[in-house]
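Student: I'm new to this one. Can you show me the structure and walk me through a part of it?

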Amino acid sequence: MLRYFKIVKWRANKQLQQQQKNWQPHKIRLHERVKTVWFNLNTAQKLYLIALMVLLVFQSGWLCALITITALVIEFWPKFDKLWHSLAGKALILIFYASIANFVLANASGIVNDVTHVSATQFNYTHNFATLLYLPPWALGITLSTLLLFQLILPFYIIALLLLKPFGSERVKFISQSYSPLITATLRFFLSLVVLSALFTIIDGRDEETFLADIQSGYYFGQEMNNDSSVNKEKALIDLKEQLEKPDSSVDPEIKSLDTQIEGIAKATESTTLFLNTQGYFERSKRLIAFFAFNYEADGFSRCKKANNSKSIEINDYEIVEITPDNTMPYGYKFIVKACESPAFKAPN
């Protein structure tokens with residue numbers, strides 16, 4: 001029986017060696033073919049291929065989108081630069097981005113009005129801040145959408161050139177020097193869809209739980225406070241507050257000031273948590289806009305009567321916008337339009 005198994009093993013090894021020997025020329029030809037194709041690809045095409053492999057093997061949409069954006073910049077920046085150095089191209093680019101800037105200004109005005117409940121003309125600096133927040137996603141989104149539309153048209157353009165070639169047309173323009181332009185255009189179109197999907201993900205706030213958790217774990221004031229639940233934090237703050245409020249003459253007056261500090265830390269922690277729990281770029285931007293209006297544009301002192309913890313913006317001689325921190329409001333601050341009560345304008349009896 002042992003001799004029989006040795007014979008079977010020897011015959012199996014013999015057949016395996018024979019098959020490897022037969023497949024050796026095919027492996028060499030395949031290796032040479034792959035190497036030839038790889039070296040015929042330009043840098044952008046290699047990045048497209050790497051992005052596709054990352055998407056299929058690692059299933060990482062963000063890494064695929066980042067590589068695709070790099071490839072698009074490498075491929076289209078020379079065309080963009082060439083277009084910019086022509087008079088007609090420079091006018092086209094300026095009109096394109098001026099139109100985007102006009103839409104961003106109008107959109108930022110509406111967002112400021114949605115946050116503050118008054119016209120954006122009363123919050124000039126906040127309007128400018130909102131414009132700076134909304135300009136990058138608008139410009140990037142419209143540019144990528146234009147590139148995506150261009151990718152949709154490009155395969156038909158290539159097919160039209162191929163149909164015209166038998167009639168003596170040699171005008172292949174910028175795609176004539178690329179290897180396999182039709183396959184490249186199809187792959188570029190598919191990867192552009194992946195990039196747009198990733199952009200919409202960050203705008204809509206989907207699948208960001210892990211990202212928010214990482215930010216929260218590194219942002220809070222201490223590891224112990226971060227690990228405790230919100231119930232334990234509240235209980236500890238209440239206990240400490242009750243202890244500080246006890247009539248004990250032996251307590252140092254400096255320790256009593258801890259009550260105010262703890263309340264400030266609790267409010268800051270709550271505001272930070274609400275900001276991090278807000279999903280979507282635009283919703284977080286609205287919180288930042290409200291934060292900017294209260295801390296940088298509003299006045300802490302005013303001729304008009306207001307609450308001690310509030311700030312105000314004067315609309316005219318008779319009206320003000322009073323801004324008060326309030327975490328129960330959608331964006332963390334309460335905006336109230338009220339009549340100006342001052343030495344010149346008394347409150348009605």
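Tutor: First a term: buried means under 20% relative accessible area, exposed over 50%, and partly exposed in between (1.4 Å probe, protein chains only). This is a predicted model, where local features need pLDDT of at least 70, side-chain atom pairs count only at pLDDT 80 or more, and totals for chains, interfaces and linings use all residues. Residues are numbered from 1 along each chain as its sequence is written, and side-chain values use heavy atoms, leaving out hydrogens and water.

Student: Is E322 buried or exposed?

Tutor: E322 is buried, because its relative accessible area is 7%.

Student: Which strand does E322 lie in?

Tutor: E322 belongs to strand β2, residues 319-325. Strands (E, at least two residues) are DSSP runs, as are helices (H or I, at least four), and both are numbered from the N terminus.

Student: What joins the side chains of E322 and S310?

Tutor: A polar contact of 3.3 Å. That term means a pair of N or O atoms within 3.5 Å; within protein, one must be able to donate a hydrogen and the other to accept it, and residues adjacent in sequence count only if both atoms are side-chain atoms.

Student: New topic. What is the strand order in the sheet?

Tutor: The order is β1-β2-β3, an open sheet of three strands with antiparallel pairing. Two strands pair if DSSP finds at least two bridges between them.

Student: Which strands stand at the edges?

Tutor: β1 (311-314) and β3 (333-339) do. Each has a single partner strand, so one side of each is left without a neighbour in the sheet.

Student: How many bridges join β1 to β2?

Tutor: Four, and the two strands run antiparallel. K311 has I323 in β2 as its bridge partner.
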